[in-house]
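Here are some notes for a colleague who has not seen this structure before. Please read them with the sequence and the model open.

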Amino acid sequence: MSTDPTANGNDPHPAHVTTPPPSRSLPGSGEAHRHILVVLVLDRPGVLNRVASLMRARSFNIDSLAVSRTDKEHISRMTLTLHGDDVAVEQAAKQLYRLVDVLKVQDVTEDQVVEHELALVKVRASDGNRAEVIKIVELYKGSIVDISAESVIVEAHGTEAEIDALVALLRSYGIKELVRTGATVMLRGAGSIEEALKL
Amino acid sequence: MTMTRGDDPASVAGSATADAAGPAQARPRDRRSHVPGDGSATAAAVEQARKAMLHEVRSRKRTRIGADALMEALIAQGTDVLWSYPGGVILPIYDILGDYPEIRHILVRHEQGGAHAADGYARASGKVGVCMGTSGPGATNLVTGIATAQLDSVPMVAITGNVPNALIGKDAFQEIDITGITLPMTKHNYLVRNADDIPHVVAEAFYLASHGRPGPVHIDITKDALQQETTAEHPSLDDVIAGLPGFRPTLEGHPKQLKLAAKEVAAAQRPLILAGHGVLIADAVDELKAFAEKTQIPVAWTLLGIGAMDEEHPLAYGYMGMHGWKHVNRAIQSADLLIAIGMRFDDRVTGSVRTYAPYARIIHADIDPAEIGKNVAVEVPIVGDAKHVLGGLTRLVHEVDPATRADYVAELAEWRADSEGSSWHGSGAWKDGLLSADFVVERIGELTNHTATYVADVGQNQMWLARYTKFRRPNSHVSSGGLGTMGFAVPAAMGAALGNPDVETWAIAGDGGFQMTSQELMTLAADHIPVKIAVLDNHKLGMIRQWQEIIYAGNYHSSHLPGPDFVKLAEAYGIPAFRATKTDEVDAVIRAAQAVDGPALIWFEIAEEQNVFPMMPAGKGLSDLIETWGAPEE
C-alpha cells in the first residue's frame with residue numbers, strides 16, 4: 001500500500017496551497033550532542049528514583065548524574081548529562097517538569113559555565129615508572145593521594161573531556177580501579193539558578 | 001443497627017422483578033450507608049438509620065487514630081463513595097469505617113473492579129474517585145485500574161495499606177514495594193509511615209489529582225500509621241499549595257501565542273478543530289461551541305473527546321483516527337489548519353506521523369507542556385487549559401460569515417454522506433438474519449434518548465459504540481482510550497452510575513472483556529446499582545480476530561472464545577437478564593432492561609465475523625484506510 005498522502009484519492013490537494021507540505025515529523029536535528037541539565041528538586045523521599053525512573057521509561061540515556069544538597073533547605077540539585085538531539089532533550093526537560101518534586105530544569109549546554117568533575121584513578125606504578133606517572137598527573141594538574149609499592153591513586157578534576165584525556169594516558173600503565181563523580185556545573189558570572197527560583 | 005435487607009441475591013432479583021412495572025426513576029438514589037444490600041430501603045428509612053448510626057458512633061468514646069484522620073480527610077474532600085476490598089493491614093480502617101456513614105462504602109469483588117469503578121465515578125461526576133485495597137495482592141490488583149486512569153488523565157486517589165513499619169523491606173507476608181510499582185504510572189505517590197502525616201498527604205493528593213492535568217495519585221499507608229493515635233490537623237488549601245512549589249499549572253494561554261493562533265485562523269481556508277478529552281476535563285464544552293460557531297469551523301473529536309460537541313450540531317463532523325469516520329480522516333488529510341485542543345496526537349489518531357495532515361499548519365493547545373511537540377511538530381504551541389484558551393481565542397477571532405465557507409462545508413458534507421452511506425453502517429441486516437453490532441449500539445442510543453452514560457469496554461464494541469451511538473451530552477461517553485483495558489466496562493459503569501445517578505448507565509462490552517471482570521455482577525446486585533449491561537457476544541475476541549483476518553492471513557489462533565450462557569450467569573447473581581439474536585428483538589430487550597429497577601443484562605448474540613471498518617492498519621497513515629471486506633494487497 002502506498003504511503004503517498006494522496007493515495008486512494010482521499011485527499012485532494014487544497015488548491016490554494018502552493019508550498020510543498022511541511023514534514024510532520026519532529027524537527028529535531030537528529031544529531032545527538034552532549035547536553036548538561038541542571039535540575040533543582042524538592043528534597044523529598046524518592047525524588048532521585050522519580051527522576052531516574054522517568055528518564056528510563058522515556059528512553060533517555062543518562063551519561064552521568066551528580067546529586068547534592070544546596071544551600072537552600074529542602075532543595076537538592078542534580079546535574080545530569082545525556083546525549084540526544086535538541087528536541088529530544090527539550091522533551092526530556094518537559095517530562096521532568098511533570099514530576100511534582102521538580103522545581104527547575106535548565107539546559108546549560110550553551111551557557112558559559114564552570115564544569116568540574118572529580119576522578120580517583122588507581123594506576124599500576126612501581127619504582128620503574130612511578131616518576132613517569134607522576135609527571136603526567138602534574139601536567140593535568142592532578143595529584144597523587146596514595147602511594148603503595150605497586151600502585152598510586154591519582155586524584156584529578158576538570159571537565160569531562162580533560163578527565164577522559166588523562167584516563168586515556170594512564171590506561172597504558174594499567175588502571176586497577178576508576179571512579180568519577182560525574183559533571184557538576186555552575187553558571188559563570190553573578191547569575192544564579194537557585195536565586196531565580198520563585199518559591 | 002438494622003437495615004432493611006441482607007444481600008441475598010434472590011431477594012434482589014425478586015424485588016427487581018416486582019418493581020419492573022414501576023417507573024425506573026422513582027427509586028430513591030440517596031447516599032446509603034456502608035451496609036451492603038440496602039437497595040430497597042426507602043430514602044426516609046435510610047436517612048433515619050444513618051442518623052441513628054451517627055449518633056451512636058460519634059458518642060462512642062475512643063481515641064482518634066490515623067484511620068480516623070484518613071476518613072475525616074476524605075469527607076473533607078467531598079468523597080461520598082469508597083470502592084474497596086478489605087485485607088489484613090487495612091483492617092484498622094474497616095474497624096472504624098462504620099463510624100463514617102457520610103461515606104458509602106461499596107464492597108467490590110476484586111480490587112481491579114474498585115479501581116475502574118473509582119475511574120468511572122470520576123469521569124461521570126467530574127469529582128475525584130477513591131478506591132482502596134490492602135497490601136501485596138490487593139495493591140497489585142489495583143494497578144491496572146490506576147494505569148488506566150493515568151493514561152486517560154482521570155482524577156483518582158488510590159489508597160493501599162502496607163505492612164507495619166518494622167516489617168517494611170523484610171519481604172513480610174503480603175508485602176510488596178507498591179509505591180515502586182505505581183511510581184511511573186501515577187501523577188504522584190506517597191508512602192506514609194506516620195499517622196501525623198495523613199491529613200496533609202490526603203489533602204495534597206486530592207489537590208494534585210484534580211488540578212492541572214488530572215491523574216491518579218496513590219497513597220500507601222503502613223499499618224502503624226493507620227493505628228497510631230494522632231492529633232494532626234487538616235491543612236488549609238493555602239498550606240497545601242505552599243507545600244507544592246513545583247506544581248503551578250498554566251491555565252491562561254500566552255497572549256502572544258493566542259494572537260498568532262488567531263492570525264492562523266483568519267488565514268485558513270480549510271480549518272478543522274480537533275477536540276480532545278481536555279475540552280471535557282476543563283468543562284470547556286460551551287467555549288468550544290462558541291469558538292466553532294463564531295469561526296464556522298467544523299469539529300472533529302478523538303475517542304475521549306466524544307461528547308465535547310453535541311453530535312447533532314451542524315458543525316459537529318465526527319470521530320477521527322484508526323477506526324474513525326473516513327470523511328473525518330479525509331478532512332484532516334486535506335486541511336490547511338488543524339486547531340487541536342486538549343488532545344495529544346496519539347498514534348491511534350495520527351497513524352504514521354510522516355504522512356499525517358500533510359497540508360496543515362497546526363495550532364496545539366494543551367495544559368501539559370510535555371504534550372506539545374511530543375508526537376508531531378506544530379506551528380503554534382499554546383500552553384493552557386481548554387476553557388481559557390478557547391475563551392481567549394474566541395475573543396480574538398473575527399466572526400466568519402457561513403457563506404465564505406460554503407464550498408468547503410459543502411465538500412465536507414458530500415464526503416460525509418458518502419462515508420455514512422457505506423453499506424456496513426447501521427444496516428442491522430448484516431448477513432441474512434444475523435444481528436449486527438452497529439445496529440444494537442445505535443438502538444441503545446436511540447431508546448435512551450442519547451441521555452444515558454455509555455461505558456465502553458475495549459475492542460470492536462468500543463469502536464462500534466464510538467461510531468454509531470451518537471452522543472449528545474458531555475461526559476456521556478466513558479471509555480478506556482489510552483491503556484485500552486479490557487474488563488473496564490462493567491466496573492467503570494458501576495462507578496459512573498453512582499457518579500451521575502440522574503441518568504441511565506449502560507455498559508457495552510464484548511464477551512471477552514465482560515468475562516474479565518464479571519465478578520462485579522455481584523457488587524451490582526448486592527448494592528443495587530442500576531447498570532444496564534449489553535454483552536455483544538460474537539464468541540470471539542473480535543478485534544483480535546479482525547487483525548488476524550486482515551493482517552495475519554486468517555490465522556485465527558486463540559481468538560475464538562467459547563463463553564457461558566450469559567443469561568444464566570446473570571441470573572445466578574440475581575440479575576434479570578434477556579437475550580436477543582435477531583434484529584427485530586433488539587428494541588424489546590432494551591426496553592425490558594430499562595424497565596428493571598436495578599441492574600439488568602442483555603445477551604446480544606451478534607454475527608460472529610463482523611469487522612469494524614474503516615480501519616487504518618498499525619504503522620500506516622490516515623489515507624491508508626481499509627474500507628471493505630477482505631484485505632487489499634500489502
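1. Helices (H or I, at least four residues) and strands (E, at least two) are DSSP runs, numbered from the N terminus.

2. This is a predicted model, in which local features need pLDDT of at least 70 and side-chain atom pairs count only at pLDDT 80 or more, while totals for chains, interfaces and linings use all residues. Residues are numbered from 1 along each chain as its sequence is written, and chains are lettered from A and ligands numbered from 1 in the order in which they are written.

3. Chain A averages a pLDDT of 88, and 87% of the residues score at least 70. Over residues 1-9 of chain A pLDDT stays under 50, and the model has 20 contacts for them beyond four places in sequence. Two residues are in contact if their C-beta atoms, placed from the backbone, lie within 7 Å. Where pLDDT is low, the predicted coordinates should not be read in detail.

4. Chain A has four helices and nine strands. Their order from the N terminus is β-α-β-β-α-β-β-α-β-β-α-β-β. Of contacts in chain A between residues at least 6 apart in sequence, 73% join residues at least 24 apart.

5. In chain B, six strands form an open sheet with parallel pairing, in the order β14-β13-β15-β16-β18-β17. β14 (477-478) and β17 (577-580) of chain B are at the edges with a single partner strand each, so one side of each has no neighbour in the sheet. Two strands pair if DSSP finds at least two bridges between them.

6. Which strands does β15(B) pair with? Four bridges join β15 (residues 505-510) of chain B to β13 (residues 453-456) of chain B, and six bridges join β15(B) to β16(B). Thr505(B) has Thr453(B) as a bridge partner and is also the bridge partner of Val531(B) in β16(B).

7. Six of the six residues of β15(B) are buried, that is, with 20 or more other C-beta atoms within 10 Å of their own, C-beta atoms being placed from the backbone (exposed: 12 or fewer; partly exposed: in between). Thr505(B), Ala507(B) and Ala509(B) point one way from β15(B), and Trp506(B), Ile508(B) and Gly510(B) the other way.

Definitions and conventions: pLDDT is the predictor's confidence in each residue, from 0 to 100.
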